[in-house]
Amino acid sequence: MGSAFSEEEIQAVAAWVEQGGALLLAVDHAPYGAAAEALGRRFGVSMGKGYAFQLAGADLTTNLVFPSPALGDHPIMRGRTPSEAIGLVRTFTGQSISGPRSATVLLAMSDDALEAPDLTTLQAIRDRLRAGENAGLVTMEMARPALSAQGLAFAFGAGRVVVLGEAGMLTAQMLRFSDGRAPRLMGLNTSGHDDQQFALNLLHWLSRLLP
């Protein structure tokens, strides 16, 4: 997939942010990383361009959990008051990212996080794990280490940027199935995390309601 943005569009966005604007770039799993790669590169951000996952017993999961130790020290995580502080973020199938040295890693990937290049490969890894094959050998052959983050925040000139490697955490989704199975809930339709407050906080920071 080619870039979703022309060079002129990329330069216009960068100039606007540099002069004091704000950018929320929420990318997602393949193929969206490739589509946003050129825009991200202009801000010093690299895209994993695949499907980030972790091993989970004889299986894998793309729904990643970021507890307090994996959350960056940033106004987005602290909020305006203690009641707005973020303690846990959950994501729902995305890619990994990395950014410039000046960036704060909001959501730090674990050391054992991996990335499959595409959905076909991800499913093949899952099938082989469920068949009992050695996880280390399967992932060495078919996956690569994930990049360092799934969320970043940084200044760009006089402006502010947040880049996320997963977009579902900002949405409220319900996947319906034709075979009668119960709908699958994703994003803000699920519980047990602080994703709604996280979404509010990052918008407050971009709009300068947070310092």
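This is a predicted model: local features need pLDDT of at least 70, side-chain atom pairs count only at pLDDT 80 or more; totals for chains, interfaces and linings use all residues.
1. **Helices α1 and α2.** Let's start with α1, which covers residues 7-18, and α2, which covers residues 32-42. Their axes lie 10 Å apart and the helices pack at an angle of about 40°. That angle is why α1 and α2 are described as oblique to each other. As for handedness, the crossing of α1 past α2 is right-handed.

2. **What sits between α1 and α2.** Which residues of α1 meet α2? On the α1 side they are I10, Q11, V13 and A14, and they meet A38, L39 and R42 of α2. Sorted by class, the residues of this contact come out as five nonpolar, one polar and one charged.

3. **Helices α4 and α5.** The other pair to look at is α4 (residues 119-130) with α5 (residues 135-142). Here the axes come within 10 Å and cross at roughly 165°. An angle over 145 degrees counts as roughly antiparallel, so α4 is roughly antiparallel to α5. This crossing, α4 past α5, is right-handed.

4. **What sits between α4 and α5.** From α4, the residues T121, A124, I125, R128 and L129 take part, and they meet A135, V138, E141 and M142 from α5. By class, the contact of α4 with α5 holds six nonpolar, one polar and two charged residues.

5. **N201.** Is N201 buried or exposed? You'll find N201 in helix α6, which spans residues 195-206, and its relative accessible area is 0%, so N201 is buried. The side chain of N201 has a polar contact, at 2.7 Å, with the side chain of Q197. Setting aside neighbours within four places in sequence, N201 also has contacts with I76, G79, E84, I86 and L210.

6. **H204, also worth a look.** H204 lies in helix α6. With a relative accessibility of 14%, H204 counts as buried, because the cut-off for buried is under 20%. Along the chain, H204 and G79 are 125 residues apart, yet their C-alpha atoms are separated by 8.6 Å. If you leave out residues up to four places away in sequence, H204 touches R80, L209 and L210.

7. **T91.** Next, go to the loop between β6 (89-90) and β7 (97-98), where T91 is found. T91 has 0% relative accessibility and so counts as buried. Which side chain does the side chain of T91 make a polar contact with? The partner is Q150, at 2.8 Å. Not counting residues up to four places away in sequence, T91 touches T62, N63, L64, F66, L107, Q150, E166 and M169. Q150 therefore turns up both as the polar partner of T91 and in its list of touching residues, with the cut-off for contact being heavy atoms within 4.5 Å.

8. T93 is placed in the loop between β6 and β7. Its phi is near 80°, a positive value in a residue other than glycine. T93 counts as buried, at 13% relative accessibility.

9. **K49.** What is phi of K49 near? The value is 65°, which is positive in a residue other than glycine. K49 sits in the loop between β2 (46-47) and β3 (51-55), and at 33% relative accessibility K49 counts as partly exposed.

10. **G87.** G87 belongs to the loop between α3 (75-78) and β6. Its relative accessible area is 32%, so G87 is partly exposed. In sequence, G87 and D194 are 107 residues apart, while in space they are 6.7 Å apart, C-alpha to C-alpha. D194 is also one of the residues in contact with G87 once neighbours within four places in sequence are left aside; F66, P67, S68 and L71 are the others in that list.

11. If you want to find P31, look in the loop between β1 (22-26) and α2.

Note on methods. Residues are numbered from 1 along each chain as its sequence is written. Side-chain values use heavy atoms; hydrogens and water are left out. Axes are lines fitted to C-alpha atoms, for helices over the stretch in contact, and angles run from 0 to 180 degrees between N-to-C directions. Helices (H or I, at least four residues) and strands (E, at least two) are DSSP runs, numbered from the N terminus. Angles under 35 degrees count as roughly parallel, over 145 as roughly antiparallel, 65 to 115 as roughly perpendicular and the rest as oblique. A crossing is left-handed if the near helix is turned anticlockwise from the far one by less than a right angle, and right-handed if clockwise. Ala, Val, Leu, Ile, Met, Phe, Trp, Tyr, Cys and Pro count as nonpolar, Asp, Glu, Lys and Arg as charged, and the others, Gly among them, as polar. Buried means under 20% relative accessible area, exposed over 50%, partly exposed in between (1.4 Å probe, protein chains only). A polar contact is a pair of N or O atoms within 3.5 Å; within protein, one must be able to donate a hydrogen and the other to accept it, and residues adjacent in sequence count only if both atoms are side-chain atoms.
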